[in-house]
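Student: I would like to learn how to read aromatic contacts in a structure. Can we work through one?

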Amino acid sequence: MIRDLIYPLVLGMIRVWKAFTYVIFYVFQKPLKSLLKKEFHEAGIEVNGKAPQDIQVHNQMFYRRFAQDEILGFAEAYMDGWIDIESIDEFFHRIILGGLYKKYFQFPWNKICHYLEYQIFNNQTAQRSFEVGRKHYDLGNTLYESFLDKTMNYSCGYWKNAGNLDEAQQHKMELICQKLKLEPGMRPIGIKSFADFPKSVSLSGVMGEMIRDLIYPLVLGMIKVWKAFTYVIIYAFGKPLKSLMKKEFHEAGIEVNGKAPHDIQIHNQMFYRRFAQDEILGFAEAYMDGWFDIESMDEFTNRLIRQGVYKKYFQLPWNKICHYLEYQIFNNQTAKRSYEVGRKHYDLSNALFESFLDKTMNYSCGYWKNAGNLDEAQ
């Protein structure tokens with residue numbers, strides 16, 4: 001939490017510092033240019049000279065960019081065509097021998113900023129991932145076609161018995177299929193390179209997965225709106241709902257707050273709404289939360305099933321449709337929701353788990369051959 005509070009402040013201070021240095025370098029660009037030319041000359045490098053190690057400066061903004069962003073600024077200026085060097089190895093050899101590398105390629109203030117941004121704090125936020133995507137991947141296919149195979153496979157190929165990159169990538173996909181023991185009719189989800197290989201494997205799921213990613217948030221939003229709507233309806237008709245459910249229980253031979261073992265003891269009146277809203281899940285979680293108790297759960301359930309109450313209230317059609325969309329058509333087990341699942345189902349203290357697990361709290365099934373109890377089985 002402290003990190004989350006401090007990080008934007010530190011990042012803001014770094015940006016202010018960089019803006020300040022940019023202004024300084026802009027104001028003093030002529031002395032800066034003269035200083036760098038002098039330093040290069042003393043290292044045996046001339047600006048726009050004729051020797052292989054000489055630097056050809058095509059954009060005068062290079063000096064400010066170099067001073068501002070040091071080695072990264074130098075490299076990006078080179079990629080952007082602001083400078084050219086015929087013999088880059090000899091250039092750096094002279095830069096290092098002359099001690100310029102330590103002076104201008106490792107500025108102390110940039111090292112401090114880099115340490116704060118990338119060592120103390122993690123700058124790889126979800127928000128910035130879109131910026132990274134735009135800068136490094138939204139460049140059109142021309143660049144990637146120049147060095148990738150025809151299927152645009154971005155990972156390394158399998159070069160044994162391969163004569164070119166296309167064959168190496170095809171052999172890699174063959175090897176993956178063999179290791180995964182894929183058979184005709186199986187669907188490798190979300191792997192683009194499988195779209196052309198192998199032909200025996202059905203790949204209707206590849207494009208489907210992309211469509212699925214687009215539609216899922218929309219469907220999930222509609223489900224949430226529907227659940228909110230039903231919650232309002234159930235809340236508005238709370239009293240009639242309570243009376244109806246009591247009547248249904250009574251007809252099944254179950255009394256609310258009765259004395260028989262199969263009677264339901266309700267401790268929280270919100271139970272009726274939760275039950276109507278989330279059916280079997282709401283019933284189970286209300287039980288875990290202590291909203292009601294039943295001495296003889298098996299007899300209670302038996303009476304509900306015999307009377308047909310289970311089908312009425314434990315399998316509500318709208319909830320079945322929502323459940324099918326959420327958990328069958330779409331996978332709702334996202335990384336973000338895994339924390340919510342963990343909190344709801346596992347952060348419950350040990351009292352619950354001690355009631356049905358062995359003394360070592362082993363959550364998997366035991367080996368019951370020759371075992372007299374659960375501890376021995378585990």
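Student: Which residues form one aromatic cluster?

Tutor: In this predicted model, the cluster consists of F249, F271, Y272, F275, F283, Y287, F292 and F300.

Student: What describes a pair of aromatic rings?

Tutor: The distance of the centres and the angle of the planes describe a pair. Take F283 and F300, two members of the cluster. Their ring centres are 5.8 Å apart and their planes meet at 10°. Planes under 30 degrees apart count as stacked, so F283 and F300 are a stacked pair.

Student: Where in the chain do F283 and F300 sit?

Tutor: F283 belongs to helix 12 (residues 271-288) and F300 to helix 13 (residues 297-307). They are 17 residues apart, and the pair links distant parts of the chain.

Student: Is F283 buried or exposed?

Tutor: F283 has a relative accessible area of 7%, so F283 is buried, the cut-off being under 20%. F300 is also buried, at 1%.

Student: How many aromatic pairs are there by this rule?

Tutor: The count is 20 aromatic pairs. One of them joins F91 and F92, with 5.3 Å centre to centre and 90° between the planes, which makes the pair edge-to-face. F91 is buried at 0% relative accessible area, whereas F92 is partly exposed at 21%.

Student: Which residue lies over the face of W82?

Tutor: R65 does, 4.5 Å from the ring centre of W82. Likewise, R274 lies over the face of W291, at 4.5 Å from the ring centre.

Notes: Residues are numbered from 1 along each chain as its sequence is written. This is a predicted model: local features need pLDDT of at least 70, side-chain atom pairs count only at pLDDT 80 or more; totals for chains, interfaces and linings use all residues. Side-chain values use heavy atoms; hydrogens and water are left out. Rings of Phe, Tyr and Trp (its six-membered ring) pair if their centres lie within 6.5 Å; planes under 30 degrees apart count as stacked, over 60 as edge-to-face and the rest as tilted. Buried means under 20% relative accessible area, exposed over 50%, partly exposed in between (1.4 Å probe, protein chains only). Helices (H or I, at least four residues) and strands (E, at least two) are DSSP runs, numbered from the N terminus. A charge sits over a ring if NZ of Lys or CZ of Arg is within 6 Å of the ring centre and within 35 degrees of the ring normal.
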